[in-house]
Amino acid sequence: MKNWKINRSRRHMLFVPADKPAMYRDVVFYKPDTIMFDLEDAVSYSEKDSTRILLREILTDMDYNKYNIETCVRVNGIDTEWFEKDIEACVQSNVNMIRLPKVEKVSDIDYAVKTLETYEKKYNREDKVLLFLAFESALGILNAFEIAKSSERIQGIALGGFDYLLDLKGDKTIERTELLYARQHLVHVARALKLDVFDVVYSNVNDKDGFVKEFKFVKSLGFNGKSVIHPNQIRYINEILKPTPDQVEYALEMVKAFNKSVEDGVGVFLFRGTMVDKPVVEKQIEILKLAEDFDLVKKGDY
């Protein structure tokens, strides 16, 4: 759909191997915010060309946006022979966004944008293909701020845990303490630039408790979403993020009280026996925006 824009927070980005045609239709029923078709690690070298053609044809025919789902394609790295062909196929189809793997330098983004512009012009595409960046190396993490501010197409950033750990020569721990610096750094980059920030995948799809514990932890750090590899993980994220009725009621009352205080020309005001100022209200507005994503309130309600 031309000029379609996601109208809610990005909370989950579901990986789908691009060489599995049966999954292209079924995945709609799981209602991910973003579907990420993978042309990179999920596809063998010998199947790259045929899979790209499959993806181009299906994503030209199917309109995921009418289900309020954003489409993203993880292309092969810019240093590979497949990158430019991947970009061309995405521009030709109804892809909203490209996930660039293993970005390390501003020049990576410059090259990607230049390639996108070439094919958008060639195929007379009206809307620009957006970018989501994956940082998967020590150099990428250290350069993340300069990279992430280098193009207005960039919507968000993500941590790629497996390759990052290989680059660090570290060991995977149960607590994932080896990722703490990168996680905190990327959250700071994202918040400074007003971008979305996504955490690594949780590979044990049968371990609900472990997934929930990890997502609650990265949420407390500031992450607003997580890359997922199984539809169940979408449900777990929604369960954690969905505000309770009491939270929604509290937030609505406080925001309405704040609005009245503004009308009355009052800065700090008393709410349920506690003095409240603007930053406290802004936290409640965040809860109401999340509640909107779950159709619990509408914008006109507050």
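Which residues does Arg8 touch, not counting residues up to four places away in sequence? The first of these close-ups of a predicted model gives the reply.

View A. Arg8 lies in the segment before β1, the strand of residues 12–17. Leaving aside residues up to four places away in sequence, Arg8 touches Pro32, Asp33, Asn68 and Asp293. Take a look at the side chains of Arg8 and Asp33, which are joined by a polar contact of 2.6 Å. The Arg8 side chain also reaches the backbone oxygen of Asn68, at 2.8 Å. Arg8 has a relative accessibility of 18%, so it counts as buried, the cut-off being under 20%.

**View B. Helices α2 and α3 side by side.** Helix α2 spans residues 48–61 and helix α3 residues 83–92; their axes come within 8 Å and cross at roughly 15 degrees. Because angles under 35 degrees count as roughly parallel, α2 and α3 are roughly parallel to each other. Their crossing is right-handed. On the α2 side, the contact is made by Asp49, Arg52, Arg56 and Thr60, and on the α3 side by Lys85, Asp86, Ala89 and Gln92. Sorted by type, the residues of this α2 and α3 contact are five charged, two polar and one nonpolar.

**View C. Helices α11 and α12 at an angle.** Here helix α11 (residues 245–263) packs against helix α12 (residues 278–293) at an angle of about 130 degrees, and the axes are 9 Å apart. That angle makes α11 oblique to α12. The crossing of α11 and α12 is left-handed. From α11, the contact is made by Gln247, Val248, Tyr250, Ala251, Leu252, Met254, Val255 and Phe258. From α12 come Lys278, Val280, Val281, Gln284, Ile285, Ile287, Leu288 and Ala291. The residues of the contact between α11 and α12 comprise 13 nonpolar, two polar and one charged.

**View D. Lys31, a non-glycine residue with positive phi.** You will find Lys31 in the loop between α1 (21–26) and β2 (34–38). Lys31 is not a glycine, yet its phi is positive, at about 55 degrees. With a relative accessibility of 63%, Lys31 counts as exposed.

**View E. Asp295, past the end of helix α12.** Asp295 lies in the segment after α12. Its phi is positive, about 60 degrees, although Asp295 is not a glycine. Asp295 counts as exposed, with a relative accessibility of 69%.

How values were computed:
Residues numbered from 1 in each chain as written. Predicted model: local features only at pLDDT ≥ 70, side-chain atom pairs only at ≥ 80, totals over all residues. Heavy atoms only, no water. Axes fitted to C-alpha atoms, helices over the stretch in contact; angles between N-to-C directions. Helix = DSSP H or I, 4+ residues; strand = E, 2+ residues; numbered from the N terminus. Parallel < 35°, antiparallel > 145°, perpendicular 65-115°, else oblique. Left-handed = near helix turned anticlockwise from the far one by under 90°. Contact = heavy atoms within 4.5 Å. Nonpolar A, V, L, I, M, F, W, Y, C, P; charged D, E, K, R; others polar. Buried < 20%, exposed > 50% of the residue type's maximum accessible area, 1.4 Å probe, protein only. Polar contact = N/O pair within 3.5 Å; in protein donor to acceptor, adjacent residues only side chain to side chain.
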